[in-house]
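Reader: Can you walk me through this one? Keep it quick.
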Amino acid sequence: MAKEGYLNLLPVQHKKSKEPGDSRAMMRSRRNFLEAEFYLPMAKAIASIIDKHRSKSPPMHILDMGCGEGYYSRQIEAYCLNSKDLDLHGIDIAKNAIFAAAKKQPNAHFIVASNKRLPYADNYFDLVLRVYAPSNENEIIRILKPDGLLLIVTPGPRHLWQLKKFIYKKVNEHSITVDLPKGFEELKSQRISFTIQPDQVNRMALLQMTPFAWRAKPDIQNQIQRAKGLIIDTDFILTLAARIK
């Protein structure tokens with residue numbers, strides 16, 4: 001147990017690098033972008049879905065898988081009704097991100113661990129949240145209660161369309177179809193779309209949060225940074241699924 005209140009359960013033999021996950025610089029850039037509230041409408045939609053599917057007997061145990069520095073966990077606490085009845089957990093392989101999450105939200109539970117070996121008992125969670133995070137299907141099924149829910153956030157058809165136009169000669173829309181893990185069926189799908197206008201610093205932070213950063217050469221990054229008044233589409237698909245009984 002670190003003095004900041006998080007647990008480090010990622011042993012050396014299970015690490016693929018000295019410091020797995022996002023670097024400290026990437027984590028700070030993502031934290032600054034998210035805390036500027038560019039994605040707040042989507043975070044509020046997550047909180048609304050949770051409120052509409054509260055467990056019958058509190059507390060409701062929630063896991064934010066691949067939680068990073070804990071932004072969505074903090075928004076759940078901020079915008080869900082009766083948040084004191086929520087038992088919030090977050091897991092990530094990036095120690096620096098979990099360190100930041102634990103400092104900002106001491107009443108939640110954060111763990112450095114792999115999603116392939118989740119350090120939780122069987123049938124513990126009422127809901128697992130997965131925002132762009134990879135996961136192990138068998139582990140999700142194991143830790144969810146029989147009536148547990150999986151809430152997945154994926155990019156919508158026109159997500160970050162303007163950034164993509166800088167990078168690709170031909171820009172294609174994302175599929176609106178969401179591939180659920182085996183053993184789950186869809187209960188509800190909701191599309192959240194809005195525009196943002198980040199400044200140069202947050203624009204580059206946003207780029208670094210995406211796989212596009214690997215494709216954007218320095219000259220392209222310079223064009224994105226210097227573009228005046230760039231308005232960017234954001235587009236998310238929120239899919240709520242339940243275990244197949």
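Author: Two strands pair if DSSP finds at least two bridges between them. Helices (H or I, at least four residues) and strands (E, at least two) are DSSP runs, numbered from the N terminus. The model is predicted: local features need pLDDT of at least 70, side-chain atom pairs count only at pLDDT 80 or more, and totals for chains, interfaces and linings use all residues. Residues are numbered from 1 along each chain as its sequence is written, and side-chain values use heavy atoms, with hydrogens and water left out.

Reader: OK. How many bridges join β6 to β8?
Author: Seven, and the strands run antiparallel. β6 covers residues 144-155, and β8 covers residues 232-243. L149 stands opposite A242 in β8.

Reader: And β5 with β6, parallel or antiparallel?
Author: Parallel, with six bridges. L127 has L149 as its bridge partner in β6.

Reader: Switching to helices. At what angle do α1 and α4 pack?
Author: About 40 degrees, with their axes 9 Å apart. Axes are lines fitted to C-alpha atoms, for helices over the stretch in contact, and angles run from 0 to 180 degrees between N-to-C directions.

Reader: What does that make them to each other?
Author: Oblique, therefore. Angles under 35 degrees count as roughly parallel, over 145 as roughly antiparallel, 65 to 115 as roughly perpendicular and the rest as oblique. The contact (heavy atoms within 4.5 Å) includes R24 and M27 of α1, and N96 and A97 of α4.

Reader: Where do the axes of α2 and α3 come?
Author: Within 9 Å, crossing at roughly 60 degrees. α2 and α3 are therefore oblique to each other too. Among the contact residues are L40 and I46 of α2 and Y71 and I76 of α3.
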